[in-house]
Amino acid sequence: MNTTSTNCYLLAIESSCDDTAAAILLNDKVLSNVVATQEIHEQYGGVVPELASRAHQQNIVPVVTAALRQANIDKNELNAIAFTSGPGLLGSLLVGTSFAKSLALGLNIPLIDVNHMQAHILAHFIDEEGYDKPTFPFLAMTISGGHTQIVRVDDYFRMSVIGETIDDAVGEAFDKSAKLLGLPYPGGPLIDQWAAKGNPKAFPFTKPRVDGLNFSFSGLKTQIMYFVQKQVQQNPDFVSQHLADVCASIQYTIVGILMDKLKKAVKQTGINQIAIGGGVSANKGIREALTQAEKNLGWKTFLPKFEYTTDNAGMIGIVGYLKYSQELKDKNNYIDTGIHAQSRLKL
Ligand code: KG4
Ligand code: ZN
């Protein structure tokens, strides 16, 4: 794709779930990437939508102000604004959408809507030293708290989902397992930390049988629940005594499920360039398994920089920039006030 030759300073806003985020990009480079994570949800063991929208309301102005300040940019220098239009929690999306729309109208600059799931994939096109960009076609596995998909990516905006979860997302499997072990929300990163100290083969869990490239995680969650209940009946201190081994075993099983489907997808498509994205792509187990696959299976793998794994606005900004370069650069002052938030949005 020919990207624009003139410089584009772009503000990106992400507010689809429980992170309020803003970033400033200069073309495909991220100048600042600010995230306010809403800690209020921890005490409820999961995201409470009403509280998330309220926290976005409080955070959005300070977060955007911080992003501008860190990038040393005045708002009048901006050439475009990109925002997440979906998928996500509607009340949360509305905060970012309304803010972005109003600011774009006020500054009279283009407004660009971004699909959150495309952003997790296209984050690999942010210009970062030490990080290669995939070439087309490649396979992307998006693994987050809300989604688990394998996507065939033929071009920036030509993507097709070839496999996805039929029930829980993989991040939910991590978080719900962590909750059963008494760990706070979100438990995914904690399972990852404990897993590093444990034996992955200590407690064998069975992997679900699901056709094709689809995933299922709800059975694993139930299996872990019964396992923990049974062990605690026999030994009330089981969890505290074996936490590292249980976490390592859960992580080993989940990574195994993901890798089995990826191997199948590579076989089916003949594509062996694999990029991962979404919060769970921060997981050391999946990163290690993919690094091994480079050596053992000859795959070329792309692991995002940590700051672009969990929800952030840098990834929204790169999609905004790619759309700006492709569609909007000649239509100065293009603002479609009809753009709106959508809780369900397909790739
Ligand atoms: O992409 P994300 O920030 O939000 C959604 O769009 O869902 O993903 C959040 C999910 C949570 O389920 C969190 O527990 C999980 O990503 N996560 C991890 C790790 N870091 C974040 N899961 C396993 N290991 C990690 N290191
Ligand atoms: Zn996400």
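Which side chains meet in a salt bridge at 3.4 Å, N to O? Asp-28 and Lys-133 do. By salt bridge I mean a side-chain nitrogen of Lys or Arg within 4 Å of a carboxyl oxygen of Asp or Glu. I'll come back to that pair.

Some ground rules. This is a predicted model, where local features need pLDDT of at least 70, side-chain atom pairs count only at pLDDT 80 or more, and totals for chains, interfaces and linings use all residues. Residues are numbered from 1 along each chain as its sequence is written, chains are lettered from A and ligands numbered from 1 in the order in which they are written, and side-chain values use heavy atoms, with hydrogens and water left out.

Start with the layout. The protein chain splits into domain 1, residues 9-123 + 310-334, and domain 2, residues 132-303. Those bounds come from an automatic or database domain assignment. The C-alpha centres of the two domains are 28 Å apart. The contact (heavy atoms within 4.5 Å) draws 17 residues from domain 1 and 17 residues from domain 2.

Now the interface. Domain 1 and domain 2 bury about 1500 Å² between them, with 74% of it on carbon and sulfur atoms. Buried area here is the accessible area (1.4 Å probe) that two parts lose on being put together, summed over both. On the domain 1 side, Met-117, His-120 and Ile-121 lose the most area to domain 2, together 37% of what that side buries.

Which helix gives the most to the side of domain 1 that touches domain 2? That is α3, with 5 residues. Helices (H or I, at least four residues) and strands (E, at least two) are DSSP runs, numbered from the N terminus.

Back to the opening pair. The structure holds 12 salt bridges. Between domain 1 and domain 2 the count is 1. Lys-133 and Asp-28 form a salt bridge, closest N and O atoms 3.4 Å apart. Asp-28 is in the loop between β2 (19-26) and β3 (29-37), Lys-133 in the loop between α3 and β6 (138-143), 105 residues apart.

Next, the metal. The zinc ion, ligand 2, is coordinated by His-116 (NE2), His-120 (NE2) and Asp-311 (OD), at 2.1 to 2.2 Å. Donors are N, O and S atoms within 2.8 Å of the metal (3.2 Å for Na, K and Ca); water is not among the atoms, so sites may look incomplete. The donor spacing in sequence is H-x3-H-x190-D. His-116 sits in helix α3, and Asp-311 in the loop between β10 (300-302) and α9, 195 residues apart.

Last, the backbone. The Gly-86 to Pro-87 peptide bond is cis, omega near -10°. Pro-87 is in the loop between β4 (80-86) and α2 (90-107). Another cis peptide bond joins Tyr-185 and Pro-186, omega about -10°. Asn-72 has phi near 60°, a positive value in a residue other than glycine.
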